[in-house]
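Colleague: I have not looked at this one before. Can you take me through it?

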Amino acid sequence: MGLIAGTFYIFACGVMPGLARSSDRAYIEVMQDINAAFENAVFFASFMGALLITAVAAWMLRRDPARWWVLAALLAYFLTFVLTVTVNVPLNDELADAGDPAKIADPAAVRADFEDTWVAWNVVRALLSTLALGLLVRALVVFGRGRGAGAAQSAYLDPAAGSSASR
């Protein structure tokens, strides 16, 4: 979740503001290249994995008080996922379909059809995925508290187990 939240965050804070300074043709070319570069197994594993692992965690914690935090995180990330699939990816596809930026008759119009909408919804994705990450952190805190004083502690963490050098 942190990887995905960070990805959307860096686009919101650095990539898109930097590209905003570019000419229309340069903007289109770079965004086409970035979008094509994101079509890889590592990104897909992270993007899909955040959803799947959060769903698995929600199922595994179905009887634990932390479940509500994980379910809230799952909902927040599911909304991120839906926005990506229904808004940002179709915009990426339209930009790719525009063709070679050097041959586009009106690059300003192509950029105008893409930029503001893509940037605005990416900020929403960044906020939602960051919210999901925060909710998962809260779930970990609640889960850890639920293991409290009555729970068995690892011998490795027991301060009476010896010096730190022996660990």
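Colleague: Which residue lies over the face of tyrosine 27?
Modeller: Arginine 111 does, at 4.2 Å from the ring centre. For a charge to sit over a ring, NZ of Lys or CZ of Arg must be within 6 Å of the ring centre and within 35 degrees of the ring normal. Keep in mind that this is a predicted model, where local features need pLDDT of at least 70, side-chain atom pairs count only at pLDDT 80 or more, and totals for chains, interfaces and linings use all residues. Residues are numbered from 1 along each chain as its sequence is written, and side-chain values use heavy atoms, with hydrogens and water left out.

Colleague: Where else does a charged end sit over a ring?
Modeller: Arginine 125 has its charged end over the ring of tryptophan 118, 5.4 Å from the centre.

Colleague: Back to arginine 111. Which side chains meet it in a salt bridge?
Modeller: Aspartate 24 meets arginine 111 at 3.1 Å, N to O, and glutamate 115 meets arginine 111 at 2.8 Å, N to O. Those shared partners join Asp24, Arg111 and Glu115 into one network. The rule asks for a side-chain nitrogen of Lys or Arg within 4 Å of a carboxyl oxygen of Asp or Glu, and by it the count comes to 2 salt bridges.

Colleague: How many residues apart are aspartate 24 and arginine 111?
Modeller: 87, with aspartate 24 in helix α2 and arginine 111 in helix α5. Arginine 111 and glutamate 115 both lie in α5, 4 residues apart, about one turn of the helix. Helices here are DSSP runs (H or I, at least four residues; strands are E, at least two), numbered from the N terminus.

Colleague: Buried or exposed, arginine 111 and glutamate 115?
Modeller: Both are buried. Aspartate 24 is partly exposed, at 27% relative accessibility. Buried means under 20% relative accessible area, exposed over 50%, and partly exposed in between (1.4 Å probe, protein chains only).

Colleague: Which elements give two or more residues to the largest nonpolar core?
Modeller: That core has 21 residues, and Met1, Ile4, Phe47, Val70, Tyr77 and Ala132 touch the most other members. The elements you ask about are α1 (2–19), α3 (41–60), α4 and α5, and α5 gives the most, with 6 residues. A nonpolar core is a set of buried Ala, Val, Leu, Ile, Met, Phe, Trp, Tyr and Cys residues joined through side-chain atoms within 4.5 Å.

Colleague: And aromatic pairs, how many by the rule?
Modeller: The count comes to 9. One of them is tyrosine 27 with phenylalanine 114, edge-to-face, at 6.3 Å centre to centre and 70° between the planes. Tyrosine 27 is in helix α2 (residues 24–37) and phenylalanine 114 in helix α5 (residues 107–146), 87 residues apart. Rings of Phe, Tyr and Trp (its six-membered ring) pair if their centres lie within 6.5 Å; planes under 30 degrees apart count as stacked, over 60 as edge-to-face and the rest as tilted.

Colleague: Last topic, the surface. Which residues form a nonpolar patch there?
Modeller: Leu75, Phe78, Leu79 and Val82, with about 340 Å² of accessible area together. Leucine 79 lies in helix α4 (residues 67–97) and is partly exposed at 40% relative accessibility. Patch residues have over 30% relative accessible area and no salt bridge; like charges are joined within 9 Å, nonpolar side chains (Val, Leu, Ile, Met, Phe, Trp, Tyr) within 5 Å. Areas come from the Shrake-Rupley method with a 1.4 Å probe, and for residues only the protein chains shown count as cover.
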